[in-house]
Each structure stands twice: as structure tokens, then as C-alpha cells.
Amino acid sequence: MIASECAHLFELLCAAYPRQELKPKSGMVYAQFFADLSQEEATAAVSRHIATSTFFPAIAEIRALVIRTRIGLPSAEEVWGELVEFFGDATGKVAKPANALTWESARAVSLDYARFKQISQAELNRVRVGFLATYEKRLASMLDVENAKGLNLPAGAKPVPKELASAGVERGGE
């Protein structure tokens, strides 16, 4: 993506979140980390974030939305819904969720067909919470790896730590 497209997306974010205080060079930092994204992907991610979040995004959040879309991974809630539908189907007509991450997360909370059929609603709610947390944690690790691949960093360099990417900054120069 070219600099003017990055600047436009940053201006869009600033307009959507007018209370966010940013330092003068914040736009350049966002542009640096958006440069390897396509305009279509970045615009879609920024639009999705604006539509679903009340907080100004960290660079990592926008990049994660792009990567998640690229590799086609559904949200934890979507996957949980697929599992419940699959396990609850007595007809055998509901397709088995194909996402390997789904099954890794289900195994991590000891959820299988037999247990699903035997547990109470209260226990199922507790299993759901564990499943969602496990899925999101594993997905975040996967996204970190994919994100770093796309950054085209020099050999030995590491991406900006999440703590810095998501740190609040002040708007200056206004």
C-alpha cells in the first residue's frame, strides 16, 4: 500500500476515534506497518474495526484482522456454534468443522461427542468459556507467526512488541 493510502486510513481512524490522543509521528508508524498490506485488505480491516470496537486500534489489531481474513479462520464464537451444531445433530447431516484449530481447542477442554451428550447446561457453559479462551489464545499465536512473516523484517529483527504497538500515546503538535 502506498503512503497516501496509509495516511487516508490513519485519518479515517482518527476521525472515527476523535478522543484518541496521538503523537505527531503516530501516522508514520501506522503507515510503516500497513505498507505490506493491500489497500483492500487494510481498508476492510479498518472498517470492520470501526464498526465493532469503541477503542482506537493498535497496529497489531488491524494486522490480525487482515491475516485472519487471509487465512480464513472463523471467530471462536463461530467455531463454538459449529461444534454445538455438529455434536447436537442426531441426523448426521451437519458437516464436521474442518478447522484443525477447532479440534485442538476442543481436546484441550476435553470436549468430545460423548461428553457433550452427558454434561449439564451449566457445565457446557463452563466448557464453552474454556474453549473460547483456548481457541483465541492458540489463534493469537498462529496470527503472530503469520503476521511476522508478512512484515518483511531484516534478518534477526523482531516485530514491534505488542506492549509498544498497543500502548496509548498522546496527540501532539495540535
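A: One term before anything else: helices (H or I, at least four residues) and strands (E, at least two) are DSSP runs, numbered from the N terminus. The model is predicted, so local features need pLDDT of at least 70 and side-chain atom pairs count only at pLDDT 80 or more, while totals for chains, interfaces and linings use all residues. Residues are numbered from 1 along each chain as its sequence is written, and side-chain values use heavy atoms, with hydrogens and water left out.

Q: OK. How many helices and strands does the protein chain have?
A: There are nine helices and zero strands. Read from the N terminus, the order of elements is α-α-α-α-α-α-α-α-α.

Q: And what share of the residues counts as buried?
A: Of the 174 residues in the protein chain, 33% do. Buried means under 20% relative accessible area, exposed means over 50%, and partly exposed is in between (1.4 Å probe, protein chains only).

Q: Start with H1. Which of its residues are buried?
A: Cys-6, Leu-9, Phe-10, Leu-13 and Cys-14 are the buried ones in H1. They lie on the same side of H1, because they cover an arc of only 140° around the axis. The arc is taken from the directions from the helix axis to the C-beta atoms.

Q: What do they pack against?
A: Helix H2 (26-34) and helix H3 (39-52).

Q: And which exposed residues are on the face turned away?
A: Ser-4, Glu-11 and Ala-15.

Q: Now H4. What is its span?
A: H4 has 13 residues and reaches 19 Å from first C-alpha to last, close to the expected 18 Å. After H4 comes Gly-72, with a positive phi near 70°.

Q: How does H2 sit against H4?
A: The two pack at about 25°, with axes 10 Å apart. That makes H2 roughly parallel to H4. Angles under 35 degrees count as roughly parallel, over 145 as roughly antiparallel, 65 to 115 as roughly perpendicular and the rest as oblique. The contact involves Val-29, Tyr-30, Phe-33 and Phe-34 of H2 with Ile-59, Ile-62 and Arg-63 of H4.

Q: How are the axes drawn?
A: Axes are lines fitted to C-alpha atoms, for helices over the stretch in contact, and angles run from 0 to 180 degrees between N-to-C directions.

Q: What is the angle between H3 and H4?
A: About 115°, with the axes 9 Å apart. H3 passes H4 in a right-handed crossing. A crossing is right-handed if the near helix is turned clockwise from the far one by less than a right angle, and left-handed if anticlockwise. On the H3 side the contact residues include Ala-42 and His-49, and on the H4 side Leu-65 and Thr-69.

Q: Back to single residues. Is Arg-68 buried or exposed?
A: Arg-68, which lies in H4, is buried, with a relative accessible area of 17%. Beyond four places in sequence, the residues Arg-68 touches include Pro-74, Tyr-135, Glu-136 and Leu-143. The C-alpha atoms of Arg-68 and Leu-143 are 7.0 Å apart, although 75 residues separate them along the chain.

Q: And which residues does Leu-124 contact?
A: Leaving aside neighbours within four places, Leu-124 contacts Trp-80, Phe-116 and Ile-119. Leu-124 is in helix H8 (residues 121-150) and is buried at 13% relative accessible area.

Q: One more: where is Ser-110?
A: Ser-110 is in the loop between helix H6 (100-108) and helix H7 (113-118). Ser-110 is partly exposed, at 47% relative accessible area, and has a positive phi of about 55° although it is not a glycine.

Methods
Contact means heavy atoms within 4.5 Å. The expected span of a helix is 1.5 Å times one less than its number of residues.
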